[in-house]
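Student: I'm new to this one. Can you walk me through it, bit by bit?

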Amino acid sequence: MTTQAGFHQRFVASVIVTIAGAISMAPVNAALAQPTRAQIMPQTLAQSPLLQGNWRLANMTEPPFPTPMVPDRDLTAEFSNGRVSGTGGCNRFNGSYTTKGNQLTVGPLASTFKACEESVMTQEARFLKAMQAAQRYEVSRDGLQIFYKTDQGTGVLRFTSLTVRGLW
């Protein structure tokens, strides 16, 4: 059954999708989109509400280096409803994720193909590789920690929240 309000809502959503697609990979306002089965039945996703939100990488430990790498650009990740997106410092990325308890599985991740300085591209590649190698996560008042394991060993991605919680 189509109502005038429903038609208007779908029309506005399609215009926003068209504009957003032409400008960037920006997500469409979820309030305008039709709900998916997963949104109607959120218990089937087994997603942690603590993980969901906007995060900025504070530092990253990498094997075999004992000192954390501090990014020289903003590296971000937004977790929401089974999707993760953000920036690796040069390119935007997106993909899927699942959780089961504190276990976290990410990827594969797709990204844009903008070229930046070699050091930024190297940092971005390490970050995306670590994200896709996620094993588990912890959220505390200090932020989000994602523990990962690659062929080189184990490491930790440490994020701070970009979301102001409790004001809205």
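This is a predicted model: local features need pLDDT of at least 70, side-chain atom pairs count only at pLDDT 80 or more; totals for chains, interfaces and linings use all residues.

Student: What stands opposite Arg56 in β3?
Tutor: Thr76 does. Strands here are DSSP runs of E, at least two residues, and helices are runs of H or I, at least four residues; both are numbered from the N terminus.

Student: And how many bridges join β1 to β3?
Tutor: There are 4, and the two strands run antiparallel. β1 covers residues 53–62. Two strands pair if DSSP finds at least two bridges between them.

Student: Which residue takes a positive phi in the hairpin of β3 and β4?
Tutor: Asn81, near 50°. That hairpin has 2 residues between the strands. Asn81 is not a glycine, yet its phi is positive.

Student: Is Asn81 buried or partly exposed?
Tutor: Partly exposed, with a relative accessible area of 41%. Buried means under 20%, exposed over 50%, and partly exposed is in between (1.4 Å probe, protein chains only).

Student: Next, Ser85. Where does Ser85 lie?
Tutor: In strand β4, residues 83–87. Ser85 is buried, at 18% relative accessible area.

Student: What does Ser85 touch?
Tutor: Leaving out residues up to four places away in sequence, Ser85 touches Thr76, Ala77, Glu78, Arg92, Phe93 and Asn94. Contact means heavy atoms within 4.5 Å. Asn94 is also the bridge partner of Ser85 in β5.

Student: How far apart are Ser85 and Asn54 in space?
Tutor: 9.3 Å, C-alpha to C-alpha. In sequence they are 31 residues apart.

Student: How many bridges join β4 to β5?
Tutor: There are 5, and these strands run antiparallel. Their hairpin has 4 residues between the strands, and Gly89 there takes a positive phi near 105°.

Student: What else does β5 join up with?
Tutor: β6, by 4 bridges, running antiparallel. Thr99 has Leu104 in β6 as its bridge partner. β5 also joins β7 by 2 bridges, again antiparallel. There, Asn94 is partnered with Ala110.

Student: Which residues of β5 are on the covered face?
Tutor: Phe93, Gly95, Tyr97 and Thr99. The uncovered face has Arg92, Asn94, Ser96, Thr98 and Lys100.

Student: Switching to rings. How many aromatic pairs does the structure hold?
Tutor: It holds 3. One of them is Phe93 with Phe127, edge-to-face, 6.0 Å centre to centre and 70° between the planes. Rings of Phe, Tyr and Trp (its six-membered ring) pair if their centres lie within 6.5 Å; planes under 30 degrees apart count as stacked, over 60 as edge-to-face and the rest as tilted.

Student: Why does the pair of Phe93 and Phe127 tie together parts apart in sequence?
Tutor: Because Phe93 lies in strand β5 (residues 92–100) and Phe127 in helix α3 (residues 118–132), the pair ties together parts that are 34 residues apart in sequence. Phe93 is buried at 1% relative accessibility, and Phe127 is buried at 0%. Ring pairs link Phe93, Phe127 and Phe159 into a cluster.

Student: What about the core? How many residues are in the largest nonpolar one?
Tutor: It has 26. Phe127 and Phe159 are among those with the most contacts inside it, and so is Ile146. A nonpolar core is a set of buried Ala, Val, Leu, Ile, Met, Phe, Trp, Tyr and Cys residues joined through side-chain atoms within 4.5 Å.

Student: Where does the largest share of this core come from?
Tutor: From α3, with 4 residues.

Student: Last one. Which peptide bond is cis?
Tutor: The one from Gly107 to Pro108, with omega near 0°. Pro108 lies in the loop between β6 (103–106) and β7 (110–111).

Technical notes. Residues are numbered from 1 along each chain as its sequence is written. Side-chain values use heavy atoms; hydrogens and water are left out.
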